[in-house]
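Subject: Structure handover and findings

Hello,

Here is the structure for you to open alongside this note. My findings follow below it.

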Amino acid sequence: MEDTRKRKSDNVSGQAVNKKKKKPWQMPKKRFSSAPSINPGDAGIWATCDMHKEGLCTVELGDLFNEYAGLIYGDVTAGHATVMDDTQPGSDDIEAEIDKEVQGIQISKQGALFAPVKIDVQCVLFFKTREPVEPVSFVHRICADAMNRAIVKKTRHVKRLTPMARMGKATEKSLEEVAKAVLAPVFHRDGVSAQKFAIRTTIRNNHTMKRDDIIKRVADLVGQPHMVDLKGYDRMILVDVYRNILGMSIVGSDFEGLKRFNIAEIYEPSATVDASETL
């Protein structure tokens, strides 16, 4: 009994001796700190896709954009296009396919022409663009070729493409700054003739920017001698607001004819009614 009590006492005292020292706390490293983001003054392309297909849609658009960048801009794209994994999705597990494809996307450290930006909005993607890419003419070329069947359908989950000539914050001040920069080359250059225009807004996950306020302010900034014409417009002004991000661009009179740049609708027309608003 005496030996047993002694051993127990020794074990108790040994706990303090054998207790591991705590390592000093260190600041955890930030992951994905170099991920691209949308900043005021940027340009790019919004895209919508099928539900839960954001990953696969990103890969599809990366391939499509790279192909057209080569066709339009030639050698200037060498080493600067979005780099994609050569592995094609073949697994029956859809979630595994998405993870595999998304992980395969890499952005060139030297500056990609198209950089996918993660947006916390369901079924919505954004590709940040870099010169010489001009989003409006670039998207127009893709949709015009699709309409003329100059290319076969190469996307399965992509729906609408919306080019943005300039991005800003979703505030009244930023709206005015973006609008002045985008409108000036089209409506305010020397010798410009009167043009008919319409304004189309898309607002999601934002409760501060109101459609009527946006339309009124943009229309005021367009000014005279230009006139509003909802059906026979020469120019369509697109204003897209997602969360705290705002973007604007101006497209031509064939916007409706090209199914509002909806690739899925161009290849497979339907009677779906678009929920976005037009002035």
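Which hand does the crossing of α5 and α6 have, left or right? The crossing of α5 and α6 is right-handed. A crossing is called right-handed if the near helix is turned clockwise from the far one by less than a right angle, and left-handed if anticlockwise.

Before the rest, some ground rules. This is a predicted model, in which local features need pLDDT of at least 70 and side-chain atom pairs count only at pLDDT 80 or more, while totals for chains, interfaces and linings use all residues. Residues are numbered from 1 along each chain as its sequence is written, and side-chain values use heavy atoms, with hydrogens and water left out.

**Overall**

The protein chain has 7 helices and 10 strands. Both are DSSP runs numbered from the N terminus: helices are H or I with at least four residues, strands are E with at least two. Of its 279 residues, 43% count as buried. Buried means under 20% relative accessible area, exposed means over 50%, and partly exposed is in between (1.4 Å probe, protein chains only). Among contacts in the chain with a separation of 6 or more, 76% come from residues 24 or more positions apart. Contact means heavy atoms within 4.5 Å.

**α5 and α6**

Helix α5 covers residues 172–187 and helix α6 covers residues 211–222. Their axes come within 10 Å and cross at roughly 40 degrees. Axes are lines fitted to C-alpha atoms, for helices over the stretch in contact, and angles run from 0 to 180 degrees between N-to-C directions. The two helices are therefore oblique to each other. The cut-offs: under 35 degrees is roughly parallel, over 145 roughly antiparallel, 65 to 115 roughly perpendicular, and the rest oblique.

From α5, L175, E176, A179, K180, L183 and F187 meet I214, R217, V218, L221 and V222 of α6. By class, this contact has 8 nonpolar, no polar and 3 charged residues. Nonpolar covers Ala, Val, Leu, Ile, Met, Phe, Trp, Tyr, Cys and Pro; charged covers Asp, Glu, Lys and Arg; the others, Gly among them, are polar.

Take a look at E176, in helix α5. E176 is partly exposed, with a relative accessible area of 25%. Leaving aside neighbours within four places in sequence, E176 is in contact with R217 and L221. The C-alpha atoms of E176 and V218 are 7.7 Å apart, although 42 residues separate them along the chain.

Helix α2 has 20 residues (54–73). At 1.5 Å a residue they should span 28 Å, and the end C-alpha atoms are 27 Å apart, which agrees. The expected span is 1.5 Å times one less than the number of residues. α2 is mostly covered, with 14 of its 20 residues buried. Just after α2, G74 takes a positive phi of about 65 degrees.

Helix α4 (residues 135–147) packs against α2 at an angle of about 100 degrees, with the axes 11 Å apart. α2 and α4 are therefore roughly perpendicular to each other. In α2, L64, F65, Y68, A69, I72 and Y73 meet F138, R141, I142 and D145 in α4. This contact has 8 nonpolar, no polar and 2 charged residues.

The 13 residues of α4 should span 18 Å, and the end C-alpha atoms are 18 Å apart, which agrees. Buried residues of α4 include F138, I142, C143 and D145.

**Loops to check**

- K259 is in the loop between β9 (245–251) and α7 (263–267). It is partly exposed, at 34% relative accessible area. Neighbours within four places aside, K259 is in contact with M147, R160, E265 and I266.
- R149 is in the loop between α4 and β4 (158–164). Its phi is near 60 degrees, a positive value in a residue other than glycine. R149 counts as partly exposed, at 45% relative accessibility.
- N205 lies in the loop between β6 (196–204) and α6. Its phi is near 55 degrees, also positive in a residue other than glycine.
- The peptide bond from E131 to P132 is cis, with omega near 15 degrees. P132 lies in the loop between β3 (124–129) and α4.
- The peptide bond from Q224 to P225 is cis, with omega near 10 degrees. P225 sits in the loop between α6 and β7 (227–228).

Best wishes
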